[in-house]
Amino acid sequence: MSYVAAKGGAQAIHAAHQLVAERNAPNPDDLQAQIARHLHLGIDRIMAEASLYDRDIAAKALLQAQGDSIEAVFIVRAYRATLSIHK
């Protein structure tokens, strides 16, 4: 077993706490990416029900609907209705 001395004391501890707080701070863009990545089955269902295949839009809608997948489908459908159709 070895002993390693660390310098900095209270300043190093404060810096570590600040770093952890910054990394854990909610970032809406990061949260949207996490939703798309971790709730992929829910996102797939929203895209299928809304007939619009766009993971980012579905994740953003789920975030806006505060987790209510039915509401998220309505949001995506409303968004889809605003898109122009190219022939």
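Modeller: Axes are lines fitted to C-alpha atoms, for helices over the stretch in contact, and angles run from 0 to 180 degrees between N-to-C directions. This is a predicted model, in which local features need pLDDT of at least 70, side-chain atom pairs count only at pLDDT 80 or more, and totals for chains, interfaces and linings use all residues. Residues are numbered from 1 along each chain as its sequence is written, and side-chain values use heavy atoms, with hydrogens and water left out.

Colleague: How many helices and strands does the chain have?

Modeller: Helices (H or I, at least four residues) and strands (E, at least two) are DSSP runs, numbered from the N terminus. Here the chain has five helices and zero strands.

Colleague: At what angle do the axes of α3 and α5 cross?

Modeller: The axes of α3 and helix α5 (residues 69-82) cross at roughly 45° and come within 9 Å. Angles under 35 degrees count as roughly parallel, over 145 as roughly antiparallel, 65 to 115 as roughly perpendicular and the rest as oblique; α3 and α5 are therefore oblique to each other.

Colleague: Which residues of α3 meet α5?

Modeller: Contact means heavy atoms within 4.5 Å. Ile46, Glu49 and Ala50 in α3 meet residues of α5 that include Ala72, Val73 and Val76.

Colleague: Which residues of α3 are buried?

Modeller: Buried means under 20% relative accessible area, exposed over 50%, and partly exposed in between (1.4 Å probe, protein chains only). In helix α3 (residues 40-50), the buried residues are Ile43, Ile46, Met47 and Ala50. They lie on the same side of α3, because they cover an arc of only 95° around the axis; the arc is that of the directions from the helix axis to the C-beta atoms. An α-helix has 3.6 residues a turn, so residues three or four places apart point the same way. Leu41, Arg45 and Ala48, on the other side of α3, are exposed.

Colleague: Is Gln32 buried or exposed?

Modeller: Gln32, found in helix α2 (residues 28-38), has a relative accessible area of 15% and is therefore buried. Its side chain reaches the backbone oxygen of Asp56 at 3.1 Å. Leaving aside neighbours within four places in sequence, Gln32 is in contact with Asp56, Ala59, Lys60 and Leu63.

Colleague: What share of the chain is buried?

Modeller: Buried residues make up 18% of the 87 residues in the chain.

Notes:
Polar contact = N/O pair within 3.5 Å; in protein donor to acceptor, adjacent residues only side chain to side chain.
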